[in-house]
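Trainee: I would like to learn how to read a structure. Please take me through it one feature at a time.

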Amino acid sequence: MSEQSIGIFDSGVGGTSIWKEIHKLLPNENTMYLADSKNAPYGSKGKDAIIELSIKNTEYLLNKNCKLIVVACNTATTNAIDYLRETYQVPFIGIEPAIKPAALKTKTNAIGILATKGTLSSALFSKTSSLFTSNISVIEQVGEGIVELIESGQLDSDDMKDLLRVYLKPMIDAQIDYLVLGCTHYPYLIPLLINLLPKHVKIIDSGEAVARQTKTILEKNNLLNTDDLRSKSLFYINKKVDVMQSLLGSKFEVDYLDF
């Protein structure tokens, strides 16, 4: 079973930012990535719809004998992971915005959170936020339109830059010193964000922490792949293959899958 793949799904190509961290930390592990770009973004959908899509993605990966599933989507994690863990036997790794480190490290007592509507309005986000941010100012911003631009291949477009300027202005005005990225698509924005934010503002995403947690859970369940053969990384998307291909580079092949 240890040679079976780690399954990873997201509402699109954004979760490849998580896959990259997992692959870097665990290069021997076989992986299978499922991008439900046809239904992106999940953040604008209701809880029931998000659970239904998460079930569909999970069952596809389980039918391919994945040994563990990473829900590489903040919105799916905050809305569906409890249901998935109660329903299926394999371990699940979820993703939450890294509020805690930002709240503990801030010197200006102001942090920004850029996330989807589905994440910011979830009960899990509210619980985490209330635990760590009671004494600091939190500027939350729904990143409406960002996922759609990334999914359509407009990552470096003028439209993206204009959108980010609007979203970042209240955070800059509030003198944040940490920006938390609450969507797995958003790490691809970091080069743009660095140019738009004051130099002292640090950007935090969840990728490395998710990779470390994945390793911990694999070890705990005796599921680490000890085979030294070259690992296989499979990528499937149900919309634009070229967009994911551009994010991954030519080393990995992306296949279209109608699911």
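Trainee: At which residue does helix 3 bend, and by about how many degrees?

Mentor: This is a predicted model, in which local features need pLDDT of at least 70, side-chain atom pairs count only at pLDDT 80 or more, and totals for chains, interfaces and linings use all residues. Residues are numbered from 1 along each chain as its sequence is written, and side-chain values use heavy atoms, with hydrogens and water left out. Helices (H or I, at least four residues) and strands (E, at least two) are DSSP runs numbered from the N terminus. A bend is the angle between axes fitted to the seven residues ending at a residue and the seven starting there. Helix 3 bends at A80, by about 65 degrees.

Trainee: Which residues of helix 3 are buried?

Mentor: Buried means under 20% relative accessible area, with a 1.4 Å probe and protein chains only. In helix 3 the buried residues include N74, A80 and L84.

Trainee: Why does D36 count as buried?

Mentor: D36 counts as buried because its relative accessibility is 0%. D36 lies in the loop between strand 2 and helix 2 (47-63). A polar contact is a pair of N or O atoms within 3.5 Å; within protein, one must be able to donate a hydrogen and the other to accept it, and residues adjacent in sequence count only if both atoms are side-chain atoms. The side chains of D36 and Y42 make such a contact, at 2.5 Å.

Trainee: What is the strand order of the open sheet?

Mentor: Strands pair if DSSP finds at least two bridges between them. The order of the six strands is 4-3-1-2-9-10, with parallel pairing. The edge strands, strand 4 (92-93) and strand 10 (254-256), each pair on one side only.

How values were computed: Buried means under 20% relative accessible area, exposed over 50%, partly exposed in between (1.4 Å probe, protein chains only).
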